[in-house]
Amino acid sequence: MIQPRRIACPMASCGVRLPCLEKVGLMSMQTFKNIVLQRLHPEVIDRLELQRVELPVGREIEFPGSGIANLFFIEEGIASMTVTFKDGFEVEVALAGPEAILGTSCMMGTRRSLNRVYMQIGGYGYSSVMSVATREFKRAEQFHDLTLRYLQAQFIQSAQTAGCNARHSVEQRMARWLLLCSDRVGDRVLPLSHEYMADMLGVTRSSVTVVAGHLQERGLIHYTRGKITLVDLAGLEAISCECYRVVRDHLRSLADRDEAYGA
Ligand SMILES: [Zn+2]
């Protein structure tokens with residue numbers, strides 16, 4: 001069986017569980033970028049016992065068959081959730097940025113991850129030990145409601161992505177994917193290689209090169225080695241499939257509807 005390509009976690013050499021975490025005191029006094037953390041009451045933040053964690057490119061947060069020991073709240077950066085098949089073929093089923101809580105399936109009863117989740121664009125975030133987060137979840141209060149709301153948003157994104165992969169062209173999907181990445185990092189410049197894009201879109205690298213070349217010729221993007229600049233956002237949205245707007249609008253509602261969080 002061909003094993004999927006696995007990028008080594010740069011922290012793995014530390015030799016202890018969750019190494020290199022920086023303990024941060026008075027977390028409830030912090031200003032967060034993560035949409036969920038922004039809305040949690042200070043006492044909930046304190047009970048989660050958050051620790052800052054660096055999330056460099058390639059850092060694996062979950063891997064198929066591995067246990068899920070911690071919950072992660074992304075502050076900066078983008079993670080990809082992928083499905084990996086026995087032949088090593090890998091395709092993205094969801095993106096996660098500063099709206100995300102990663103590892104939530106463990107609180108729903110999943111003991112071992114079914115997906116590979118790793119950082120596509122590096123950043124940092126906060127971590128909570130799963131037993132601590134689960135205890136807070138079982139209080140069935142604000143953190144519980146926020147987590148379920150995020151899971152619903154993630155489900156909608158995954159369902160839309162599954163339909164998109166089956167129905168829409170590589171050009172449409174690339175435009176969708178670039179726009180969703182740009183929205184999450186708040187920047188038009190994305191440090192992404194063609195190889196990563198091919199993995200995420202489930203196509204060959206040569207297909208990515210051809211389609212990216214067409215987008216550049218039309219003045220929609222500009223790319224150099226390892227970096228893609230979105231030049232014309234409106235133009236990209238015009239050629240993207242409807243899936244971009246479905247996912248974007250749902251993520252916006254996740255951020256806007258404070259009443260849904262009991263905030
Ligand atoms: Zn689509």
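This report describes the secondary structure, packing and selected residues of one protein chain.

The model is predicted: local features are given where pLDDT is at least 70, side-chain atom pairs count only at pLDDT 80 or more, and totals for chains, interfaces and linings use all residues. Residues are numbered from 1 along each chain as its sequence is written.

**Overall content**

The protein chain has 9 helices and 10 strands. Both are DSSP runs numbered from the N terminus, with helices being H or I of at least four residues and strands being E of at least two. Of the 263 residues in the protein chain, 37% are buried. A residue counts as buried if 20 or more other C-beta atoms lie within 10 Å of its own, as exposed if 12 or fewer do, and as partly exposed in between, with C-beta atoms placed from the backbone. Contacts are pairs of residues whose C-beta atoms, placed from the backbone, lie within 7 Å. Among the contacts in the protein chain with a separation of 6 or more, 77% are between residues 24 or more positions apart.

Two strands are taken to pair if DSSP finds at least two bridges between them.

| Partner of strand 7 | Residues | Bridges | Sense |
|---|---|---|---|
| Strand 2 | residues 51-55 | 5 bridges | antiparallel |
| Strand 3 | residues 60-62 | 2 bridges | antiparallel |
| Strand 4 | residues 70-84 | 11 bridges | antiparallel |

Gln51 stands opposite Ser127 in strand 7, Glu62 has Val117 of strand 7 as its bridge partner, and Ile78 stands opposite Ile121 in strand 7. In a regular strand the side chains alternate between the two faces of the sheet.

**The sheet of strands 8, 9 and 10**

An open sheet of 3 strands has the order 8-10-9, and its pairing is antiparallel. Its edge strands are strand 8 (189-190) and strand 9 (221-224), each of which pairs on one side only. Strand 9 is joined to strand 10 (residues 227-230) by 4 bridges, and the two run antiparallel. Within this part of the chain, His222 stands opposite Thr229 in strand 10.

Helix 5 comprises the 16 residues 170-185, which at 1.5 Å a residue should span 22 Å; its end C-alpha atoms are 22 Å apart, in agreement. The expected span is 1.5 Å times one less than the number of residues. Buried residues of helix 5 include Arg173, Met174, Arg176, Trp177, Cys181 and Arg184. Gly186 follows helix 5 and has a positive phi, near 65°.

Helix 5 packs against helix 7 (residues 205-217) at an angle of about 75°, with the axes 10 Å apart. That makes helix 5 roughly perpendicular to helix 7. Axes are lines fitted to C-alpha atoms, for helices over the stretch in contact, and angles run from 0 to 180 degrees between N-to-C directions. Angles of 65 to 115 degrees count as roughly perpendicular, under 35 as roughly parallel, over 145 as roughly antiparallel and the rest as oblique. Val170, Glu171 and Met174 of helix 5 meet Ser207, Val211 and His214 of helix 7. The residues of this contact of helix 5 with helix 7 are 3 nonpolar, 2 polar and 1 charged. Here Ala, Val, Leu, Ile, Met, Phe, Trp, Tyr, Cys and Pro count as nonpolar, Asp, Glu, Lys and Arg as charged, and the others, Gly among them, as polar.

With helix 6 (residues 194-201), helix 5 packs at an angle of about 110°, with the axes 11 Å apart. Helix 5 and helix 6 are therefore roughly perpendicular to each other. Val170, Arg173, Met174 and Trp177 of helix 5 make this contact with Met197, Met200 and Leu201 of helix 6. The contact of helix 5 with helix 6 divides into 6 nonpolar, no polar and 1 charged residue.

**Selected residues**

Cys243 lies in helix 9 (residues 243-256) and counts as buried, with 22 C-beta neighbours inside 10 Å. Leaving aside residues up to four places away in sequence, Cys243 touches Gln160, Cys164, His168 and Arg176. Cys243 and Cys164 are 79 residues apart in sequence and 6.7 Å apart in space, C-alpha to C-alpha.

Glu49, in the loop between helix 2 (42-48) and strand 2, has a positive phi near 50° although it is a residue other than glycine. Glu49 is partly exposed, with 16 other C-beta atoms within 10 Å. Ala140, in the loop between helix 3 (130-137) and helix 4 (142-167), has a positive phi near 55° and is likewise a residue other than glycine. Ala140 counts as exposed, with 9 C-beta neighbours inside 10 Å.

Terms used:
Two residues are in contact if their C-beta atoms, placed from the backbone, lie within 7 Å.
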